[in-house]
Structures are given as C-alpha cells and as structure tokens.
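Open your viewer and keep the sequence panel beside it. This tour tells you what to select next and what you will find there.

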Amino acid sequence: MSSILAAFTLVLSQQRLAQRRFGGEQAMGTWASTPLPAAEECDAEEGSAVVEFIFLGLLLLVPVIYLIVTAGQVQGASFAAVGAAESAAKVYVAAGDPVRAEQQARAAAELAFTDFGFEPEAMLLEIACSAQCLTPGSTVTAEVRFDVPLPLAPGIPGMEFAPVTVDSAATQMVERYG
C-alpha cells in the first residue's frame, strides 16, 4: 500500500515538474510517454517509521508502566504494614484488658490498611507479649503480614497470585507506672 502511494506521489511530482518546464498542457503528452520508475526506485519504507514507532512504543511502554504500578503497590503495602504494626502495638498497650486490646489492635491495623487502599481481610496480625500481657514493664510485639496482589489481577477471574509478601513488626512497652 505504501509503495502504491509512493509511486502515485512520484507521478504527481513528475507531472508538475513537466508542466513547469514545458509550459502548461503541452507537457502532458511528453509526460505520458515517459516510463514510470521501477518499484525498487520508489521509497517503499516511506511513512512506516510512524507505524513502527507507535507499535514498538506500545509494546515496550505498557510493560514498563505495569512494572512501575506494581512497584508502587508493593511500596504502598510496605507502608501500610509498618503503619498497621505500629498502630496495633500502641493501641494494644493502651487498652485495659487483653480481650478488648486484641479487638482494638485489629481495628487499628485494619484502618491502616484501608487508608492505603488495601483489603484488610488479607492481612495477618499476630500479637505476642514478653510476659503476661499488659503487666507493667512487659513488651507487646505486633507482627503484620500481607500478600500484595498484582495490579489489575483482581479483575481477572481465577487470578489469585500474590508474588510479594510484606511484613512488619513493632514493639511497645507497657508503662510501669500506668
């Protein structure tokens, strides 16, 4: 298709050149008797650079953009895990009894994950105490694990692949003099 267009463009340019040289309509007879150039002489690649640029640009740009979005999602999940572990440990230490402390710590960790746009149901929260929980001077450690989902993968049915797991731990000390 591009070779036909190139040949047509060449013919028109030759016609205009002949009209300028020989003056007006008389040149049409001499122009018509001249043979057309061979197909090899025409530039068959003319105009294909734009098509190649668009095709290769999309072919290379889409995976790079997907990689950048995936790295951003992993970084966001990392920040969410750190925030959730710190919040859970602080809330657990500040609560009065262990049962209520567990519920409040889970709620604080889930809030940290929803703030970053992740589903808190996929988060795993484990709380460990150095001695008996909430006794003065003991330490409470909250550990959070989260499997980071691939971007756009939740829209694909049956795609439950999480290539990266982020985790974080935070330790708080229960005040001695409450």
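Is Leu150 buried or exposed? Select Leu150: its relative accessibility is 14%, so Leu150 counts as buried. Buried means under 20% relative accessible area, exposed means over 50%, and partly exposed lies in between, with a 1.4 Å probe and protein chains only as cover. Leu150 sits in the loop between strand 2 and strand 3. Thr70 and Leu150 are 80 residues apart in sequence, yet their C-alpha atoms are 6.6 Å apart in space.

Before going on, some ground rules. This is a predicted model, in which local features need pLDDT of at least 70, side-chain atom pairs count only at pLDDT 80 or more, and totals for chains, interfaces and linings use all residues. Residues are numbered from 1 along each chain as its sequence is written, and side-chain values use heavy atoms, with hydrogens and water left out.

**The whole chain**

Zoom out and switch to a cartoon view. The protein has 4 helices and 3 strands. Both kinds of element are DSSP runs, numbered from the N terminus: helices are H or I with at least four residues, strands are E with at least two. From the N terminus, the order is α-α-α-α-β-β-β. Of the 178 residues, 25% count as buried.

Next, consider contacts, meaning heavy atoms within 4.5 Å. Among contacts between residues at least 6 apart in sequence, 58% join residues at least 24 apart.

**Helix 3**

Select residues 48-94. This is helix 3, with 47 residues. At 1.5 Å a residue it should span 69 Å, and its end C-alpha atoms are 69 Å apart, so the two agree. The expected span is 1.5 Å times one less than the number of residues.

Which residues of helix 3 are buried? Colour Thr70, Gln73, Gly76, Ala77, Ala80, Ala81, Ala84, Ala85, Ala88, Ala89, Tyr92 and Val93. What covers these buried residues includes helix 4 (98-115), strand 1 (123-129), strand 2 (139-148) and strand 3 (164-173).

Pick Val93, in helix 3. Its relative accessibility is 17%, so Val93 counts as buried. Leaving out residues up to four places away in sequence, Val93 touches Leu134, Val140, Gln172, Met173 and Val174.

Centre on Val144. Not counting residues up to four places away in sequence, its contacts include Ala81, Ala84, Ala85, Phe113, Met123 and Val166.

**The aromatic rings**

How many aromatic pairs does a search of the whole structure find? The search finds 3. Select Phe113 and Phe146. Their ring centres are 4.8 Å apart and their planes lie at 50°, so this pair is tilted. Rings of Phe, Tyr and Trp (its six-membered ring) pair if their centres lie within 6.5 Å; planes under 30 degrees apart are stacked, over 60 edge-to-face, and the rest tilted. Phe113 is in helix 4 and Phe146 in strand 2, 33 residues apart. Both are buried.

Phe118 and Phe146 form an edge-to-face pair, 5.2 Å centre to centre with 65° between the planes. Phe118 lies in the loop between helix 4 and strand 1, 28 residues from Phe146. Phe113, Phe118 and Phe146 form one aromatic cluster.

**The disulfide**

Last stop: select Cys129 and Cys133. A disulfide joins them, S to S 1.8 Å. The rule asks for a pair of cysteine sulfur atoms within 2.5 Å, and the count comes to 1 disulfide. The link is right-handed, with 100° about the S-S bond. Cys129 is partly exposed at 22% relative accessible area, and Cys133 is partly exposed at 26%.
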